[in-house]
Structure formats: C-alpha cells, structure tokens
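Here's a quick tour of one protein model. Have a look at it first, and then we'll go through its parts together.

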Amino acid sequence: LGMAAIASFVAGTLGMVGLTFFMPLLANQALGFGPPEYFGVIVLALSVIVGLSGESMLKGLTAAAFGLLLSMVGLGLSSGTPRFSFGSTALCAGFDIVSVVIGLYALSEVFAALEESRQAVAPGKIGRVFPTWAECRQCVGSILRGSLAGFGFGLLPGCTPGATTFLVYDWEKRLSRHRERFGRGALEGVAAPEAANNAT
C-alpha cells in the first residue's frame with residue numbers, strides 16, 4: 001500500500017509536469033488532425049498495445065480486430081443510426097472500452113494465474129505499511145518506466161488507465177531479472193502499474 005501511494009504520487013507529479021510543458025505543443029498538433037491522422041494514431045495505438053501485450057502477432061492482431069469489431073456496436077457517430085445492435089436498445093449504447101480491454105487482456109492473465117497453484121502473497125501479519133529507503137531505491141526505475149509509459153499511453157486514443165496497468169505490469173515483468181518474484185509480492189510489480197495508472 002505504501003509503495004502504491006508513493007508511485008502514484010511521483011507519477012501524478014511527473015504527469016502534471018509533462019502536461020504543463022508538452023500540452024500547448026500537443027494541442028496545436030491535435031487541432032490540425034483530420035481523418036488520415038486519426039487513423040494513423042489509432043493504428044499506432046493498436047500496434048503499441050499488441051507489441052507490449054507479449055502475445056504472438058497473430059493473437060495480438062486477432063484481439064485488436066475483435067476489439068475494433070466491438071467498438072463498431074452502437075450508434076454511428078456521424079449518422080446517429082444504430083450499428084450492429086440487432087434491435088436491442090441496450091446495445092445502442094455500445095460497449096464500454098474498459099470492459100472490452102479488461103476482457104481481452106486481463107482475463108487471460110487471471111485464467112493463466114488460476115492454472116498455477118499459488119500461495120497467498122502475505123500469509124503472515126503485516127508489520128508496516130510504508131517501504132524502507134532501500135525498497136524505494138529498488139523501485140525508482142520501475143516508477144520512472146511506469147510514469148513514462150503511462151504518460152505516453154495517455155496520449156493515445158483508447159488507452160485507459162485500466163488497460164495501461166496490465167500492459168505495464170507485463171512489461172515490467174519481462175524487463176525484470178527476477179521474474180520469479182512477480183506474483184509473490186515483488187514491489188516492482190506494484191510500483192510500475194500504479195505509476196502508469198496515475199500518469200495515464
């Protein structure tokens with residue numbers, strides 16, 4: 001809990017500093033966007049998500065295509081006519097992007113974890129909430145990587161904080177020299193996703 005609070009504070013601060021310096025430039029560029037630019041940004045966002053999800057290219061593209069198919073359900077933005085709602089008024093609102101992303105990326109991680117037999121992360125009594133200075137120094141890189149990734153993902157369309165946390169956790173696990181500690185209470189596995197969540 002302490003590491004999550006520290007990572008969130010640092011990432012939120014860095015994200016606000018980044019917004020302060022980069023937002024005027026980004027806003028001027030965004031005002032000039034037309035359909036080709038939006039298409040390019042969406043393709044970039046999907047490429048980044050597929051690339052960082054760690055899946056094979058075919059599985060990643062299948063998930064991205066499925067996500068695009070689900071995004072087409074609901075009222076058309078320009079015409080206002082129902083698309084793929086099949087006469088259901090509930091489907092006229094479309095699907096929530098957070099639910100779709102969690103369904104595509106997070107549930108597969110949950111099911112993979114259920115296949116393994118895992119013990120409780122903290123079976124004993126919790127003694128302190130905040131980490132030591134040594135533990136904070138150990139997580140500096142994770143917090144900075146999570147903050148940078150979260151800020152970058154926040155600029156892309158469709159990358160919500162819920163999706164970013166899962167992607168950054170997977171990324172941090174791949175970068176770690178001690179992957180076996182992830183899922184057993186590794187502080188880096190808490191710091192990076194929390195930083196990414198707040199920076200997004």
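This is a predicted model: local features need pLDDT of at least 70, side-chain atom pairs count only at pLDDT 80 or more; totals for chains, interfaces and linings use all residues.

Residues are numbered from 1 along each chain as its sequence is written, and side-chain values use heavy atoms, with hydrogens and water left out.

**The overall build**

- You'll find eight helices and two strands in the protein; these are DSSP runs, numbered from the N terminus, with helices (H or I) of at least four residues and strands (E) of at least two.
- Reading from the N terminus, the order of the elements is α-α-α-β-β-α-α-α-α-α.
- The protein has 200 residues, and 30% of them are buried (buried means under 20% relative accessible area, exposed over 50%, partly exposed in between, with a 1.4 Å probe and protein chains only).
- Take the contacts with a separation of 6 or more: 69% of them are between residues 24 or more positions apart. Contact here means heavy atoms within 4.5 Å.

**H6 with H8**

- Helix H6 (residues 140-155) and helix H8 (residues 188-199) have axes that come within 7 Å and cross at roughly 30°. The axes are lines fitted to C-alpha atoms, for helices over the stretch in contact, and the angles run from 0 to 180 degrees between N-to-C directions.
- That is why H6 and H8 are roughly parallel to each other (angles under 35 degrees count as roughly parallel, over 145 as roughly antiparallel, 65 to 115 as roughly perpendicular and the rest as oblique).
- H6 passes H8 in a right-handed crossing (right-handed if the near helix is turned clockwise from the far one by less than a right angle, left-handed if anticlockwise).
- On the H6 side, the residues are Ser142, Ile143, Gly146, Ser147, Gly150 and Phe151, and they meet Glu188, Ala191, Ala192, Ala195, Ala196 and Ala199 of H8.
- The residues of this H6 and H8 contact split into seven nonpolar, four polar and one charged. Ala, Val, Leu, Ile, Met, Phe, Trp, Tyr, Cys and Pro count as nonpolar, Asp, Glu, Lys and Arg as charged, and the others, Gly among them, as polar.

**H7 with its two partners**

- Helix H7 (residues 161-175) and H8 have axes that come within 8 Å and cross at roughly 145°, and H7 passes H8 in a right-handed crossing.
- Pro161, Thr164, Thr165, Val168, Tyr169 and Glu172 of H7 meet Glu188, Gly189, Ala192, Pro193, Ala196 and Asn197 of H8. In this contact of H7 with H8 there are six nonpolar, four polar and two charged residues.
- The axes of H6 and H7 come within 10 Å and cross at roughly 140°, which makes H6 oblique to H7.
- H6 brings Ser142, Arg145, Gly146, Ala149, Gly150 and Phe153 to this contact, while H7 brings Thr164, Leu167, Val168, Trp171, Glu172 and Leu175.

**A ring pair**

- How many aromatic pairs are there? The count comes to one, going by rings of Phe, Tyr and Trp (its six-membered ring) with centres within 6.5 Å, where planes under 30 degrees apart count as stacked, over 60 as edge-to-face and the rest as tilted.
- The pair is phenylalanine 22 and phenylalanine 151: their ring centres are 6.5 Å apart and their planes are at 50°, so the pair is tilted.
- Phenylalanine 22 lies in helix H1 (residues 2-31) and phenylalanine 151 in H6, so the pair ties together parts 129 residues apart in sequence.
- Phenylalanine 22 is partly exposed, at 44% relative accessible area, whereas phenylalanine 151 is buried, at 18%.

- Glutamate 172 sits in H7. Is glutamate 172 buried or exposed? With 5% relative accessibility, glutamate 172 counts as buried.
- Leaving out residues up to four places away in sequence, glutamate 172 touches Ser142, Arg145, Phe182, Glu188 and Ala192.
- Cysteine 139 is in the loop between helix H5 (133-138) and H6, and at 0% relative accessibility cysteine 139 is buried.
- With residues up to four places away in sequence not counted, cysteine 139 touches Met3, Leu187, Glu188 and Ala191.
- Threonine 89 lies in the loop between strand E2 (82-83) and helix H4 (97-115), and threonine 89 is exposed, with a relative accessible area of 71%.
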